[in-house]
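Subject: The structure I promised

Hi,

Have a look first, then read on for what I found in it.

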Amino acid sequence: MKYFSLIIFNLLLLSSSLLAQPPRTDTLHRDTTVFGFNQAMSQATHAPILRGNSEGARIYPVRQNFCFDLTIDIDMYFGGRISRQTTLFINTTDGYMGYTQPSAGGPITELMPEVESFRFSVVSFKLGNVFMYHNEKASRGEGIDHLVTTSNSETHELQVNNTIVGALFTKKGQVRRYCDGKASAVTYKVDGQQTEWSINGTNYPQTFKVEKYLGLFGIGIIRTNAGIFTIMELKSGTTDISIKRIERRNVCFDPTGFKMIESDFYAKSNARLQEEREKIDRDEANVSHMRSCQAERMAEIAYRRELLNREEEDVRKAQSGNLMQNNTAQRAMIEMSDPLISVHSSILSTKTSICSVQHGIDEHPENSGAGQARLACLNQSLSILMQAEADMQAAERTYSSNLAQAMAEKSRIYMNAARQAGQCN
């Protein structure tokens, strides 16, 4: 399932640093009674979003409060080794959902945006919008920065293949217990899939077809042609995801103070590029008044102008699609930090330095000793940089079908070259 794999990937990415998780908080009394559980299940199975033809309300990253009336604690096991827990927050009317940073120490059940290590993701009902909120230490001064990354999904929705909807489930019959024995569920499978689903309901037909799905990670509530059911567990190979607690709660999250990372990046890039264009024009006008190395300096300016035009196009392309799945947008974003640009810029500036040093030697031969030593160093640096450029171009050809791997290899080459070639300064 494409959407399932995508969300699990994001979860693992978010949970890679356990030091970044907020402390688990149990300040809110949690209803563990059978009556409370039954109320929560009723809230789930009577979710307004599952009734009628609503496709969910449109959501915005920083222009609205997100309020939830149902929470689900989830256990996740991957590969038989990795164990994580999270809390899923659900708005049963508009259909959007949120989940906290997956934790190895129990689910993070509270939303505390004032805490530096805050991590929370909000997903629309159709799974097309994914907004990831987090805090970082302020780049200047004290305090924290409140940030949200959208991957452009506020304007270019993820195109999700939700294969639960439309799937035909067939009963296998094994009965399991969940939520401290408060709920029972019967196993079902979908033809052609290895995944096994544990379904809770008031009846258990031999087959049913899913019409709507409210949930994430493969668990949640489904509307079918035979009624509304709750998916209590998903088992697929060594992956096991199950509901541990379901509870009625009223929780709101206000994201209006969060800065949109991508939008801020695009705005700052455009401003910086305009400043660079003006600087290039000034530098080009000054070259004509210089006594030496005009050709080398003009080569640098020409390359800067080429890069400027290319980066302006990359900024435009980076906004043209969803950064999670649009190849054009992904490539444009990555290419803006291509180390091949840096190494070629260094080659041109080193050639200008060589010319300047040679001109100094020619004008002041009495100082040629120091000049010749610097000239030898610069020529050595130039050789290293030109070899690095050739190696990077070879890496591009070798990994032409894998942009990320090509970038990693080029970065490694550039770091080694910069370390060796930076001895003349």
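One term before we start: a nonpolar core is a set of buried Ala, Val, Leu, Ile, Met, Phe, Trp, Tyr and Cys residues joined through side-chain atoms within 4.5 Å. Also keep in mind that this is a predicted model.

How far can you trust it? The average pLDDT over the chain is 90, and 93% of the residues score at least 70. Go carefully with residues 1-27, though, where pLDDT stays under 50. The model still gives that stretch 63 contacts beyond four places in sequence.

Now the cores. The largest one has 50 residues, and the members that touch the most others are Leu88, Leu214 and Ile222. In soluble globular proteins, nonpolar side chains tend to be buried together.

Next, how many disulfides are there? The count is 2.

Cys67 and Cys252 make one of them, with 2.0 Å between their sulfur atoms. It joins distant parts of the chain: Cys67 sits in strand β1 (residues 66-78) and Cys252 in strand β13 (residues 239-253), 185 residues apart. The angle about this S-S bond is 110°, and the link is right-handed. Cys67 is partly exposed, at 29% relative accessible area, and Cys252 is partly exposed too, at 47%.

Cys293 and Cys355 also form a disulfide, again with sulfur atoms 2.0 Å apart. Since the torsion about their S-S bond is about -100°, this disulfide is left-handed. Cys293 is in the loop between α3 (261-287) and α4 (294-318), while Cys355 is in helix α6 (residues 339-363), so the pair ties together parts that are 62 residues apart in sequence. Are these two cysteines buried or exposed? Both Cys293 and Cys355 are buried.

The Ser124 side chain reaches the backbone nitrogen of Gly128 at 3.1 Å. Beyond four places in sequence, Ser124 touches Ile59, Gly95, Tyr96, Met97 and Asn129.

Cheers

How values were computed. Residues are numbered from 1 along each chain as its sequence is written. This is a predicted model: local features need pLDDT of at least 70, side-chain atom pairs count only at pLDDT 80 or more; totals for chains, interfaces and linings use all residues. Side-chain values use heavy atoms; hydrogens and water are left out. Buried means under 20% relative accessible area, exposed over 50%, partly exposed in between (1.4 Å probe, protein chains only). A polar contact is a pair of N or O atoms within 3.5 Å; within protein, one must be able to donate a hydrogen and the other to accept it, and residues adjacent in sequence count only if both atoms are side-chain atoms. Contact means heavy atoms within 4.5 Å. pLDDT is the predictor's confidence in each residue, from 0 to 100. A disulfide is a pair of cysteine sulfur atoms within 2.5 Å. Helices (H or I, at least four residues) and strands (E, at least two) are DSSP runs, numbered from the N terminus.
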